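Please look over the sequence and the model shown here before reading on.

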Amino acid sequence: MRAVTIAGGRISVEDRPDPVPGPGQLLVRVAAAGLNGADMMQLRGLYPAPPGVPADIPGMELAGEVVALGEGSSRHHPGDRVMSLVGGGAQAELAIVDESVAMPAPAALDWPAAGGFPEVFTTAHDALASQCQLQSGERLLVTGAAGGVGTAAVQIGIAIGARVVASVRKPDLRPAMAELGAEVVDPSEAGAHGPYDVVLELVGGPGFEANLPALAPGGRIAVIGVGGGARVALDLLTLMGRRGRVMGSTLRSRSLEEKALTARRVEAELLPLVEAGKLRVIVGEVFTLESAPDAYARFQAGGKMGKIVLISCALATGS
Ligand SMILES: NC(=O)c1ccc[n+]([C@@H]2O[C@H](COP(=O)([O-])OP(=O)(O)OC[C@H]3O[C@@H](n4cnc5c(N)ncnc54)[C@H](OP(=O)(O)O)[C@@H]3O)[C@@H](O)[C@H]2O)c1
C-alpha cells in the first residue's frame, strides 16, 4: 500500500506492507484521513506514536470501507462505511481500526467530511458535554475557533442550546464563522465579551490569563490545545472568586475502553444531528494522499477554516 511516512523530520509518500488486522480489529480501505495538530508535532519529533501503531505512518482519524475482519470482530462487516479515531497510521491506503472505536459513517457525510469528523468532533464533544457539562442557555467561549476543533465545538455548543462566542484571529474567516451561528470576536476582545460559563481553550498562552476574569460564577475551563503557549500565570484569587474549575485532557493517550466510550456517546448524541444536517464538518481543503507534503505545508501555514483532509483512492474521489 501507499502511505504517508515521517522520517528525519520529513514527510514523504512511500510503499509499505499491507497491515493485517488482529483480534477485534478491522482492516479499512481508507478513503479520507484528516490532518491534525498532533501530526505536525509528530513530524517535529515531539509526539511519538503510541505503542501498537505504525511508528512512522501518521494520522489519527480516517473514514473508509471495511475490507477484512480480525478474529472475533462482529460489530462491522466488509463493505460497511466506517469512520474512526486511531492511535496512528490513518494516512495510508489501508489502516487498522479497533472495531470498538469505529463508528458508522453517516450517509450525510461525503468521504472528506467523514475523514475529518472523528478527532475534532470527539474532542469537542468530550470537552463540552462530558467534562464541562455545558447546558442550554449557558455562554460558551471557544478560542482558536476557526480550526478543526473550534468549528466542531461552535456547532456542538449551538446544538446544545448555548450562546457561543468564537474568537478568530484572521478577519477574513470571521464571516464564515458567523454563518455557523456564533458571535465572532478578535482574540484580544474575548475577555470583554464575558461572562462565560464555559471556556473551551484551544490556544492556551496569554489568552488564557486575559480571559480568566471573564469566567462566570461556577465557570469551567477545558484546556485542549496550547499552540499559543503551555505556561500561564494563573491568578488563583480570581479562580477562587469565580468558584472556577480548570480541566485539561488529551484523547490520544486514553485507553481503548475509554476511546470506545467516547465513540458510543458521539454515536448517540452527535450522529443523529449529523444525519439531520444540524452539524457539518467544515472541510477547508482537500489534498490527495500523494500530495501529503503540500497538505502538511498548508496546515503549518495557518489561516485555514476547519479541516485539511487527505483523500487516498477511487473510493473518495468517486463519492
Ligand atoms: N487534547 C486533545 O485531545 C486534542 C485533540 C485535538 C486537538 N488538540 C489541540 O487543540 C488545538 C486545536 O486543534 P485544531 O484541530 O482545531 O487545530 P487547528 O485546526 O490548527 O486550529 C487552531 C486554531 O487556533 C488558532 N490559533 C493558533 N494559535 C493562535 C494564537 N496564538 N492566537 C490566536 N489563535 C491562534 C489558529 O489560527 P491560525 O490558523 O491563524 O493559526 C486556528 O484557527 C491544537 O493545539 C491541537 O493540537 C488537542
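## Basis of the model

This is a predicted model, in which local features need pLDDT of at least 70 and side-chain atom pairs count only at pLDDT 80 or more, while totals for chains, interfaces and linings use all residues. Residues are numbered from 1 along each chain as its sequence is written, and side-chain values use heavy atoms, with hydrogens and water left out.

## Helix 8

Helices (DSSP runs of H or I, at least four residues) and strands (runs of E, at least two) are numbered from the N terminus.

Lys-259, Ala-260, Thr-262, Ala-263, Val-266 and Glu-267 of helix 8 are buried (under 20% relative accessible area, with exposed meaning over 50% and partly exposed in between, for a 1.4 Å probe and protein chains only). Because they cover an arc of only 160° around the axis, they lie on the same side of helix 8 (the arc is that of the directions from the helix axis to the C-beta atoms). On the other side, Glu-257, Leu-261 and Ala-268 are exposed.

## His-125

His-125 lies in helix 3 and, at 3% relative accessibility, counts as buried. Leaving aside neighbours within four places in sequence, its contacts (heavy atoms within 4.5 Å) include Arg-265, Val-266 and Glu-269.

## The hairpin

Strand 1 (residues 2–7) and strand 2 (residues 10–15) pair in the antiparallel sense over 6 bridges (pairing requires at least two bridges found by DSSP). Val-4 stands opposite Val-13 in strand 2, and Gly-8 in the turn has a positive phi of about 60°.
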